[in-house]
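Here's a short walk through one model, from its strands out to its helices. Have the viewer open as you read.

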Amino acid sequence: MVLILKMALLSTIIFFLYKGIKQFLSPQRKLYSSQKHNQFFLLDERHNARKNFTLTYKGLLFEGEKYLRNGNDPESVCSILISAASPADAACVTKDELLYIQEQINLHYPEAEVDWEEPLQGPYVN
């Protein structure tokens, strides 16, 4: 009986350690932490070219849609459309900030043309 209780306690401790480490290494947690601390962070699955990416910069959350030339090859991303998750917050973004975001995206997708959706577009068109 004591052996069963010890094994149950040990497995519970291992389970909670596993869950804690998994939560700590979660990319979603890193994204929200970067947003909270006003840092740049790009959450993207590079190997999955069909999945959109999310990025944060200075506390603002942006979403990027990837458009492919052909197939599922990540190198075939030809265009990226970026929109603000909250259009009301997009009014405070400056041209220099948009250029910085565009440079960071071009580091990951050098062949892609970056376009901005309506609230961000205004006078900042490429």
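Which residue in S5 is the bridge partner of Ile80? It's Val114. Before going on, note that this is a predicted model: local features need pLDDT of at least 70, side-chain atom pairs count only at pLDDT 80 or more, and totals for chains, interfaces and linings use all residues. Residues are numbered from 1 along each chain as its sequence is written, and side-chain values use heavy atoms, with hydrogens and water left out.

## The sheet

Five strands make up an open sheet with mixed pairing, in the order S1-S2-S3-S4-S5. Strands here are DSSP runs of E with at least two residues, helices are runs of H or I with at least four, and both are numbered from the N terminus. Two strands count as paired if DSSP finds at least two bridges between them. S1 (41-43) and S5 (113-116) are the edge strands: each has a single partner strand, so one side of each has no neighbour in the sheet. On average, neighbouring strands of this sheet are turned by 25 degrees against each other, direction ignored; the axes are lines fitted to C-alpha atoms.

## Around S4

S4 covers residues 77-84 and runs parallel to S5, joined to it by 4 bridges. With S3 (residues 60-68), S4 pairs in the antiparallel sense over 7 bridges. Gly64 sits opposite Ile82 in S4.

Is S4 enclosed or open? It's largely enclosed by the rest of the structure, because 6 of its 8 residues are buried. Buried means under 20% relative accessible area, exposed means over 50%, and partly exposed is in between (1.4 Å probe, protein chains only).

## Helix H1

Leu17 lies in helix H1, residues 2-24, and counts as exposed because its relative accessible area is 53%. Together with Leu9 and Ile13, Leu17 makes a nonpolar surface patch of about 300 Å². Areas come from Shrake-Rupley with a 1.4 Å probe.

At the start of H2 (residues 27-36), a side-chain oxygen of Ser26 comes to within 3.3 Å of the backbone nitrogen of Gln28. Just after H2, Asn38 has a positive phi of about 55 degrees.

Terms used. Patch = residues over 30% accessible without salt bridge, like charges linked within 9 Å, V, L, I, M, F, W, Y side chains within 5 Å. Salt bridge = Lys/Arg side-chain N within 4 Å of Asp/Glu carboxyl O. Polar contact = N/O pair within 3.5 Å; in protein donor to acceptor, adjacent residues only side chain to side chain. Axes fitted to C-alpha atoms, helices over the stretch in contact; angles between N-to-C directions.
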